[in-house]
Amino acid sequence: MIRFIIFAILVGVTNINAQKSQSPHGKLNRPCGECHSTTSWKLSDSTIFNHNSTGFSLIGYHKNVPCKSCHNDLKFVRQNSECTACHIDVHRSELGNECKRCHDMNSWIITDMKQKHQQTRFPLLGKHAQLDCSACHERASTYRFAGTPITCIGCHEHDYRATLNPSHVKELFPVDCRNCHNFTALSWGGSFDHSLTAFPLTGAHRAIICIQCHKNNQFRNLSSECFNCHSADFTTAVSFDHVSAGVSHACQMCHSTAAWTPSTFNHASTKFNLTGKHRTISCQSCHINGNYLLVYSGCYTCHQTDYQNVINPNHLTGGFSTDCSQCHSTDSWEPATFDHSTTKFDLTGKHKTITCQSCHLNGNYQLVYSGCYSCHQNDYQNTNNPNHLAGNYDTDCSKCHSTDSWSPATFDHSITKFPLTGQHTTTQCLSCHTGDNYQLTYSDCYACHQDDYIRPTDPNHAVANFPHDCSPCHSTSAWSPSTFNHDQQYFRIYSGAHQGRWTLCTDCHTTQSDYKQYSCVDCHEHNQTDMNAKHTDVGNYVYLSSECFRCHENVK
């Protein structure tokens, strides 16, 4: 403990002396104990001095070198932290003073130079990435790298001048090699982008060799017109004589770069667009004897024979128009596609599937129909269910029938005074229209449902003198059960305290001829003497069932 106190005193004295410039380290404001001990003035293996606190951390190889390798004397604070303070700049300041751009603290040797080269103005791509440094940096052996050109011609001028196929010098090719050569390729082979010129290569042009068009190595002042290369194809064409037909020299009107044949002439550019079957027949079928200067005014010019020979129907006797497109299409000559909607009688439903002769008897196509009856007179007269004649039906068949099917009829009963709803929509017509009587005039349900009115016994509709209007209690959805709601309209008997306490309507309605009358006292065991005594304090009390209901109508 005493030795530690003495050491602390000595350290304090040392700091005081250091402040008086008596320390060999000069103005070093650090406690001596960080490096020295009381045992010996020499550096101790257990020194606690942290070099990171100086602003220059010892990492990598710097951790293993002795202090004297960097510190030439004991004045440590005078040491420069720049790399060049200790290391000779073999690059002679050509690459700057920031050595860490390429080197690290572990070793002076650079192991990832190609990766670091990507951060320069000339990233290494393609074949460049496989070359040795000296291939471009001629002074690499003396560590001189500055001044190396970054343009293609700077290294490849010899390749430029030595190339004869084609001669780059003679044809005044640009010295930017990237116009034709791929910077990232692994070989020098050309990759010229022809789309940069006034004649982009498409289709089969992309597959032919350059000299096939650029004869005698001529790459300048060439015409881009097809005829200059394809004049022989033009003059020797055998499908039709281009020369005598006066065909334009603009080959692209009929041909494409994808293939010279078959031609791709766009007939739509003429006054006669090719559609349907016209697109598949040979040119000579219409352009007979190589005549490509035809002027057609209509279909009849080519199809006159077809028009005159048709007998079903006979176009001549029928006075048909010579505009074939009204009935026929270019997809197929037959079957005909006549649009009947252009007439006064549009074809719908079954009319679209029957043959023309079914209506146009004896080839008469000048028919004028005023209604269905003209064709369907026999159907009208021979119908027995119902008998149209006896029923004096309207001859406008469309009121009951549709063109989709003659039967069943589609008569809309809602246009009468008795719209059909519920079960009425499924019953047969004769169930109501007995004896084919379709001139019925009904004022209420009773006309048809008289038997249903008389049949019930609980309640007996006839005895009770119920009204003949069945709708307050019954609906067309179903005759029974009835829809009469005693609970909502009068008095709750299907719910509450009276539910299940009665069997027949007559249990309460004791007077069957008058259901407006009812009795409470017949079910509830009352006697007038007791009831009179219990109601002495009730004003206007009368011993009657109607009076019971007046007070007790809200009974639950």
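The model is a predicted one, and every value here is computed from it.

Most residues other than glycine have a negative phi, and most peptide bonds are trans. A few spots in this chain go the other way. Take the link between Thr 261 and Pro 262: the peptide bond here is cis, with an omega of about -5°. Pro 262 sits in the loop between helix H4 (226-235) and helix H5 (300-309). Further along, Asp 458 and Pro 459 are also joined by a cis peptide bond, this one with omega near 5°. Pro 459 belongs to the loop that runs between helix H8 (446-454) and helix H9 (486-489).

Then there are the phi angles. Ser 93 is not a glycine, yet its phi is positive, at about 65°. This serine is part of the loop between helix H1 (2-19) and H2. Is Ser 93 buried or exposed? Its relative accessibility is 54%, and exposed means over 50%, so Ser 93 counts as exposed.

Another leucine, Leu 124, is found in the loop between H2 and H3. Here the relative accessibility is 17%, which is under the 20% limit, so Leu 124 counts as buried. What does Leu 124 touch, once neighbours within four places in sequence are set aside? The contacts are Lys 114, His 117, Gln 118 and Ala 129. One of these, Lys 114, is ten residues away along the chain, and its C-alpha atom is 7.1 Å from that of Leu 124.

The loop between helix H2 (113-117) and helix H3 (152-162) also holds Tyr 143. This tyrosine has a relative accessibility of 46%, which lies between the 20% and 50% cut-offs, so Tyr 143 counts as partly exposed.

Conventions
Residues numbered from 1 in each chain as written. Predicted model: local features only at pLDDT ≥ 70, side-chain atom pairs only at ≥ 80, totals over all residues. Heavy atoms only, no water. Helix = DSSP H or I, 4+ residues; strand = E, 2+ residues; numbered from the N terminus. Buried < 20%, exposed > 50% of the residue type's maximum accessible area, 1.4 Å probe, protein only. Contact = heavy atoms within 4.5 Å.
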